[in-house]
Amino acid sequence: LLKYPMSKLHGPAVYTQPERYYNFSKIAEECLSIEADLYCFSVYCSNYQFYKQLSTRLKKLDGKPILVGGVFPSINPDFFLADSPADLVFRGEADNVIVRLVEALGSGMYFDLPNVSYWNESGTIAHNPITSHVEDLDSLPFYDKNLFGNSSSSLMISSSRGCVNDCAYCS
């Protein structure tokens, strides 16, 4: 798990020209050193250029599948499949499906899983129905806090499901 948080402290260029602030060669090397079978990105409008530059580099260097999810891909999956190296888009909530999706990627049998958008055999984009909405959030286990390293320089807290903001301009 790599974390490169975006910061408004750098000004708006960090969103439009992230190459001025991030060394994508170094980040890609770090990703490749993990020897992942799949690259996953949570994308929203402000980190789209970061995602696109890193995923394009990873696809050229490694060719492994790229899965995107989050607000922006959920709203416009066709854009991600046509305008970026994404192989699959996961729309909506992933809690009840993501493990099955990752397992199915190995066999290529993800075509019947809910919430997935992909290029089908006829070369068009297919959208499976969104059916994984979680009504009872208490039914979900707590995440494993050991997956995220501690840092004395930052603390990220979200006390709600989804984004805590109500921005008129988002996605």
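Is the crossing of helix 2 and helix 3 left-handed or right-handed? In this predicted model, helix 2 and helix 3 cross in a right-handed sense. The two helices pack at an angle of about 55°, and their axes lie 10 Å apart. Because angles of 65 to 115 degrees count as roughly perpendicular and those under 35 degrees as roughly parallel, helix 2 is classed as oblique to helix 3.

| Helix | Residues in the contact |
|---|---|
| Helix 2 | Phe24, Ser25, Ile27, Ala28, Cys31 and Leu32 |
| Helix 3 | Phe50, Gln53, Leu54, Arg57, Leu58 and Leu61 |

By class, the contact of helix 2 with helix 3 comprises nine nonpolar, two polar and one charged residues.

The largest nonpolar core contains 23 residues, of which Phe41, Val43, Tyr51, Leu54, Val68 and Phe80 touch the most other members. Two or more residues of this core come from each of helix 1 (13-16), helix 2 (24-33), strand 1 (39-42), helix 3 (48-61), strand 2 (66-69) and helix 5 (77-83). The greatest contribution to this core is that of helix 3, with five residues.

Which residues does Val68 touch? Leaving aside residues up to four places away in sequence, Val68 touches Phe41, Val43, Tyr51, Pro73, Phe80, Ala86, Leu88, Val89 and Phe90.

Key
Residues numbered from 1 in each chain as written. Predicted model: local features only at pLDDT ≥ 70, side-chain atom pairs only at ≥ 80, totals over all residues. Heavy atoms only, no water. Core = buried A, V, L, I, M, F, W, Y, C linked by side-chain atoms within 4.5 Å. Buried < 20%, exposed > 50% of the residue type's maximum accessible area, 1.4 Å probe, protein only. Helix = DSSP H or I, 4+ residues; strand = E, 2+ residues; numbered from the N terminus. Contact = heavy atoms within 4.5 Å. Axes fitted to C-alpha atoms, helices over the stretch in contact; angles between N-to-C directions. Parallel < 35°, antiparallel > 145°, perpendicular 65-115°, else oblique. Left-handed = near helix turned anticlockwise from the far one by under 90°. Nonpolar A, V, L, I, M, F, W, Y, C, P; charged D, E, K, R; others polar.
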